[in-house]
Amino acid sequence: MKEPLVPVVPMSHTAHIRSHRKPRRSATSSIALRAGVAGGVLSMAAAGASASANAAEPVTQTIELPTLTADLSAQVAQSAAATQQAAANYELRAERDAAAAKAAAEAKKDLAEAKKKAEAKKKAAEAARKAAAERATRSSERATLSASTSASASTSVSAPSSGSVATVVAFLKAQVGDAYVMGATGPNAWDCSSLVQAAYKQVGVDLPRVSQDQSMAGTDVPLSSVQVGDILYWGGKGSAYHVGVYIGNGQYLDAANPSKGVVIQDLSGYPASGAVRVL
């Protein structure tokens, strides 16, 4: 039996290989593709325009920046100038205030000094007036004493001893308050021996000038028997360094020292070394 015949169809030698050609797109796909491409192109155009705009923007800022910087610099300069002026005004005001305070302080000081000088001048004038009044009083007392002594001398060649002592004591008391000056001999300043010499000269008794020699004059008297008018001395006889006159009641009168002047003192406070009697 014969096998049935199978019809043989001729085939291309590449028919068994898958085609590498892309399938054709449909019309719809082509339209969509064209639309997408167009949209992309438009998007790119828009992006380019935007980029151009963005790229142009710095140019605009670069152009305006100097203007803004100049304005800001002007404002900063103006503010700095205002601050500097305010500081200068404050400093000037402070200097004026300091000058005014200094002037006020100096004026106050000058006023105080003027018041002090005026007060000192017033005190000096008062002291001078008082001293002049005391000198006038002493001069009057001395004139009266001299007149009395002259009258006594004219009526009697040798005045009674009691009268002579009173005259010596009166003269000495008239000098109280005078100054002590070493080597001075009156009438307003004395040292110890010149005062004693001047007092006894009022009654005609001439004594040596210095205390050493005065301690050798007259008759020695024990201190327990001293009387008014006796000369007291301090130190050794013949070498005494100070003299005064006993005026009674335990007191003596002397030109003491520069700080005291002519004063009356208690003998108990400064006991004498010895005494002599010349009247």
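Guide: Contact here means heavy atoms within 4.5 Å. On that basis, among contacts in the protein between residues at least 6 apart in sequence, 54% join residues at least 24 apart. Please keep in mind that this is a predicted model, so every value is computed from its atoms.

Visitor: What secondary structure does the protein contain, and in what order do the elements run?

Guide: There are 4 helices and 8 strands, and from the N terminus on they follow the order α-α-β-β-α-α-β-β-β-β-β-β. Of the 279 residues, 23% are buried, while the protein exposes about 19400 Å², with carbon and sulfur atoms supplying 60% of that area.

Visitor: Why is Asp178 called buried?

Guide: The cut-off for buried is under 20% relative accessible area, and Asp178 has a relative accessibility of 2%, so it counts as buried. The residue is placed in the loop between helix 2 (161-174) and strand 1 (179-180).

Visitor: What makes the pairing of the Asp178 and Trp190 side chains a polar contact?

Guide: A polar contact requires a pair of N or O atoms within 3.5 Å, one able to donate a hydrogen and the other to accept it. The side chains of Asp178 and Trp190 make such a contact at 3.0 Å, a value that falls within the limit.

Visitor: Which residues touch the most other members of the largest nonpolar core?

Guide: That core has 26 residues, and those touching the most other members are Leu172, Trp190, Leu195, Val196, Tyr200, Leu207 and Ile231. Two or more residues come from each of helix 2, helix 3 (192-201), strand 4 (231-234), strand 5 (242-248) and strand 6 (251-255), and the largest share, 6 residues, belongs to helix 3. Leaving aside residues up to four places away in sequence, Leu172 touches Leu195, Ala199, Val245 and Leu253. A second, separate core of 9 residues includes Val221, Val226, Leu232 and Tyr246.

Visitor: How many aromatic pairs does a search of the whole structure find, and why is the pair of Trp234 and Tyr252 called tilted?

Guide: The search finds 3 aromatic pairs. Rings pair if their centres lie within 6.5 Å, and planes under 30 degrees apart count as stacked, over 60 as edge-to-face and the rest as tilted. For Trp234 and Tyr252 the centres are 5.1 Å apart and the planes meet at 50°, so the pair is tilted. Because Trp234 lies in strand 4 and Tyr252 in strand 6, this pair ties together parts that are 18 residues apart in sequence.

Visitor: What makes the pair of Trp234 and Tyr270 stacked?

Guide: Its planes are 15° apart, with 5.2 Å from centre to centre, and an angle under 30 degrees counts as stacked. Tyr270 lies in the loop between strand 7 (262-266) and strand 8 (274-277), and Trp234 in strand 4, so this pair ties together parts that are 36 residues apart in sequence. Trp234, Tyr252 and Tyr270 form one aromatic cluster.

Visitor: Are Trp234 and Tyr270 buried, exposed or partly exposed, and how do you know?

Guide: Trp234, at 1% relative accessibility, counts as buried, whereas Tyr270, with a relative accessible area of 35%, is partly exposed, a class that lies between the 20% and 50% cut-offs. Tyr252 is buried as well.

Methods:
Residues numbered from 1 in each chain as written. Predicted model: local features only at pLDDT ≥ 70, side-chain atom pairs only at ≥ 80, totals over all residues. Heavy atoms only, no water. Buried < 20%, exposed > 50% of the residue type's maximum accessible area, 1.4 Å probe, protein only. Core = buried A, V, L, I, M, F, W, Y, C linked by side-chain atoms within 4.5 Å. Phe/Tyr/Trp six-rings, centres within 6.5 Å; stacked < 30°, edge-to-face > 60°. Areas by Shrake-Rupley, 256 points an atom, 1.4 Å probe, with all protein chains shown as cover.
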